[in-house]
There are 4 protein chains.
Amino acid sequence: MKVIVDLCVVPIGVGVSLGPYIAACEKILIKAGLKIKLHAYGTNIEGEWDPVMQAVKECHETLHAMGVPRISSTLRLGTRIDREQTMEDKIRSVEEKMQ
Amino acid sequence: MKVIVDLCVVPIGVGVSLGPYIAACEKILIKAGLKIKLHAYGTNIEGEWDPVMQAVKECHETLHAMGVPRISSTLRLGTRIDREQTMEDKIRSVEEKMQ
Amino acid sequence: MKVIVDLCVVPIGVGVSLGPYIAACEKILIKAGLKIKLHAYGTNIEGEWDPVMQAVKECHETLHAMGVPRISSTLRLGTRIDREQTMEDKIRSVEEKMQ
Amino acid sequence: MKVIVDLCVVPIGVGVSLGPYIAACEKILIKAGLKIKLHAYGTNIEGEWDPVMQAVKECHETLHAMGVPRISSTLRLGTRIDREQTMEDKIRSVEEKMQ
């Protein structure tokens with residue numbers, strides 16, 4: 001089952017500068033071979049359910065290993081069986097209707 | 001790694017009455033032996049990361065098998081390593097401060 | 001336009017004990033006369049769009065005034081025009097289908 | 001109070017092709033003069049709290065007027081008082097740490 005995820009990881013208890021922790025997550029996602037796209041309030045991820053969710057778990061594990069005591073992440077999880085759809089398809093589908 | 005999750009599953013393409021689909025998810029979560037609490041806009045789930053996320057996957061798989069063509073779920077995922085905390089602890093912690 | 005909201009406020013930069021801040025938000029929501037129900041990962045809110053969203057804004061303003069440098073909240077926002085539906089209706093609709 | 005929002009609007013009860021509805025929301029956000037950036041699972045929005053939230057309300061109102069019976073949106077809402085931060089700042093802050 002393919003999934004398109006939007007992940008936003010919020011480390012708690014390490015002050016207000018979260019960039020290094022988000023960067024660590026991005027590296028995990030890239031190393032997992034997933035298709036990703038960082039935006040200003042999260043990261044789009046495309047892949048098969050199991051490797052995607054395994055990478056999300058590794059983000060939590062790695063941040064805790066870096067000393068983050070508490071994490072609150074939010075995910076949007078989209079699956080569909082009516083047809084294949086990539087992240088680019090989703091954006092194109094909206095942009096076409098805006099013209 | 002223990003996790004407290006808040007899950008909201010939104011079936012798309014099956015009309016506006018989503019109760020039967022949410023009920024199917026609740027049954028999956030209960031059958032998985034997870035501690036859960038339904039609220040008006042989602043379900044709190046407490047357990048170990050892998051069985052919790054496995055149950056979330058089964059919700060998507062089961063709904064698709066029921067004929068739902070598209071699903072968009074949202075999850076909040078909370079983990080912490082500084083101390084143990086249950087769902088009841090979280091509610092009590094807030095309610096004590098309100099008195 | 002009526003709305004049912006699920007709000008989760010995450011104060012950043014004030015350590016890991018967030019209970020006092022969530023309690024401050026609950027008091028704001030109650031004082032606003034909104035129907036609310038605290039759960040383990042957020043608060044259900046029912047009301048008219050404007051007063052609900054005004055109260056969410058006051059949560060952010062009040063927490064910043066309490067010294068919280070950064071806040072990341074998540075909201076689910078449900079509206080419908082096909083029929084009236086309360087928070088209790090939503091829960092009952094699921095529970096009936098589970099029997 | 002400035003806010004950076006990530007908005008994902010999910011129309012319910014109008015089938016599985018949501019592109020036209022998302023496009024209608026994008027036009028509302030643009031017409032409101034807000035800084036926005038569409039991604040594969042939502043839209044980043046930057047602006048002052050009131051006009052941003054007013055535009056989110058107009059998205060719901062407009063979609064209902066287009067015949068959408070039910071909508072479930074999710075928002076991430078980020079505010080901070082320690083310093084100014086744009087959407088580009090947030091992305092740059094992560095990308096710098098990845099090198």
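The side chains of B:Arg76 and C:Asp6 meet in a salt bridge, with 2.6 Å from N to O. A salt bridge here is a side-chain nitrogen of Lys or Arg within 4 Å of a carboxyl oxygen of Asp or Glu. This pair crosses between chains: B:Arg76 lies in strand β4 (residues 70–80) of chain B, and C:Asp6 lies in strand β1 of chain C. Strands (E, at least two residues) and helices (H or I, at least four) are DSSP runs, numbered from the N terminus. Over all chains, the whole structure holds 32 salt bridges.

This is a predicted model, in which local features need pLDDT of at least 70 and side-chain atom pairs count only at pLDDT 80 or more, while totals for chains, interfaces and linings use all residues. Residues are numbered from 1 along each chain as its sequence is written, chains are lettered from A and ligands numbered from 1 in the order in which they are written, and side-chain values use heavy atoms, with hydrogens and water left out.

Take chain A next. Chain A has 3 helices and 4 strands. Along the sequence they run β-α-β-β-α-β-α. The C-alpha trace of chain A spans about 45 × 30 × 20 Å along its principal axes.

Now the interface of chain D with chain A. Each chain puts residues into the contact (heavy atoms within 4.5 Å): 33 from chain D and 33 from chain A. The buried area is about 2600 Å², and carbon and sulfur atoms give 65% of it. Buried area is the accessible area (1.4 Å probe) that two parts lose on being put together, summed over both. On the chain D side, D:Ala40, D:Tyr41 and D:Arg76 lose the most area to chain A, together 30% of what that side buries.

The rule finds 2 salt bridges between chain D and chain A. A:Arg76 pairs with D:Asp6 in a salt bridge, their closest N and O atoms 2.6 Å apart.

The charged end of A:Lys90 sits over the ring of D:Tyr41, 3.9 Å from its centre. The charged end of D:Lys90 sits over the ring of A:Tyr41, 3.9 Å from its centre. The test asks for NZ of Lys or CZ of Arg within 6 Å of the ring centre and within 35 degrees of the ring normal.

Chain C touches chain A too. The contact takes 12 residues from chain C and 12 residues from chain A. About 950 Å² is buried, with 63% from carbon and sulfur atoms. C:Ile12, C:Val16 and C:Arg70 lose the most area on the chain C side, together 40% of what that side buries. The rule finds 0 salt bridges here, and 4 residue pairs in polar contact.

How values were computed: A polar contact is a pair of N or O atoms within 3.5 Å; within protein, one must be able to donate a hydrogen and the other to accept it, and residues adjacent in sequence count only if both atoms are side-chain atoms.
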